[in-house]
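This report describes nonpolar cores and salt bridges. The structure is shown below.

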Amino acid sequence: MTQSTRLPLDPIADAARFEAVVCIPTFRRPEMLRTTLESIEAQATQVAFAVVVVDNDAAAPVGLDVAQSFFRDGRLSGVAAVEPRQGNVHAINAAFRLARERFPAAKYFLMIDDDERAEPQWLDEMVASAREGADIVGGPVTPIFPEEAKSAFRDHPVFWPAFGETGPVPIIYGTGNCLLRREVFDGLAEPALDTRFNFLGGGDTEFFTRCRRAGFTFFWRQEAQIYEQVTPGRLALGWVLKRSLATGAINYSIDRLAARSLRQRLLLIAKNFALAPVSLQRALRMLRDSKHPLAATHPIGIAIGRLLASVGAMPQPYRYSS
């Protein structure tokens, strides 16, 4: 653990008995975090697991207080800490690193976000896939929309998982519902997630891209359900369009990191321009299938985001305000 992360001081006497650790980064969502922890407490499982919570708000770590109340009352076993360096990537890296250090016998490291809740069978389903040989397991994060949400938002691809059936997949894209075997971290350089994606987002996608290149296997467990409450702020045209632009910028940034030679960089430029007509075709197909113009803007937004990122115009949706 880096020195800047504020570690809990109390030793964990029975740390060696835990097979799995559930990691939860949090930032200014104490009530949502409480719901998340309650869903972890309600897991119907025989797997011995602990919980690690990392609060990314050093000024007012209310999430730390919520987590410690669960540990103090014996509702969950685990440890909480504060990561004062702001950013999504710093918080996730701190959570995974703390989990591996404080629970050295644990084989499996899971992650759930602080605005999600897991079904009671979630942990068992994820661990079952890992025991069957998968290195990295992903599962659905299903959106729960408020009643007033219009169908244009309910059907928009930014809210829905990439896969819908249990089985091997080429890659997963997010840490909001995932499991990683300890060997995955041992096989990659530290830090796990690239800090260049700290405020852009997509550090998890870039991390899983490196995992795929390293030969680790991916599996999708559709039965490992997690639910996310869609807040009213996300049911806005501006939020959805910015999310599409950010996705394009993330995809370009990952490609740019892999383009090391002049030839590869020239091919990347060509790819950016080639995606313009392809995005229009995808948009027309989505408009035909969904009948919603808003959903059809998604591939166009991704293509524009790539082009903007290529000239240095990078969004920072995860930069926190004080």
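**Terms and basis**

A residue is called buried at under 20% relative accessible area, exposed at over 50%, and partly exposed in between (1.4 Å probe, protein chains only). The model is predicted, with local features requiring pLDDT of at least 70, side-chain atom pairs counted only at pLDDT 80 or more, and totals for chains, interfaces and linings using all residues. Residues are numbered from 1 along each chain as its sequence is written, and side-chain values rest on heavy atoms, without hydrogens and water.

**Nonpolar cores**

A nonpolar core is a set of buried Ala, Val, Leu, Ile, Met, Phe, Trp, Tyr and Cys residues joined through side-chain atoms within 4.5 Å. The largest one has 46 residues, of which Phe103, Ile136, Leu180, Phe207, Phe208 and Cys211 touch the most other members. Another core, of 34 residues, lies apart from it and includes Leu33, Val47, Ala67 and Trp122.

**Salt bridges**

There are 19 salt bridges in the structure, each defined by a side-chain nitrogen of Lys or Arg within 4 Å of a carboxyl oxygen of Asp or Glu. Arginine 85 pairs in this way with glutamate 83, their closest N and O atoms being 2.9 Å apart. Glutamate 83 is buried, at a relative accessible area of 0%, whereas arginine 85 is partly exposed at 29% relative accessibility.

Arginine 221 and glutamate 125 form a salt bridge of 2.8 Å, N to O, and both residues are buried. One network, joined by salt bridges that share partners, comprises Arg29, Asp114, Asp115, Glu228 and Arg234. Within the pair of arginine 29 and aspartate 115 the N to O distance is 3.4 Å. Aspartate 115 is buried at 10% relative accessible area, while arginine 29 is partly exposed at 30% relative accessibility.
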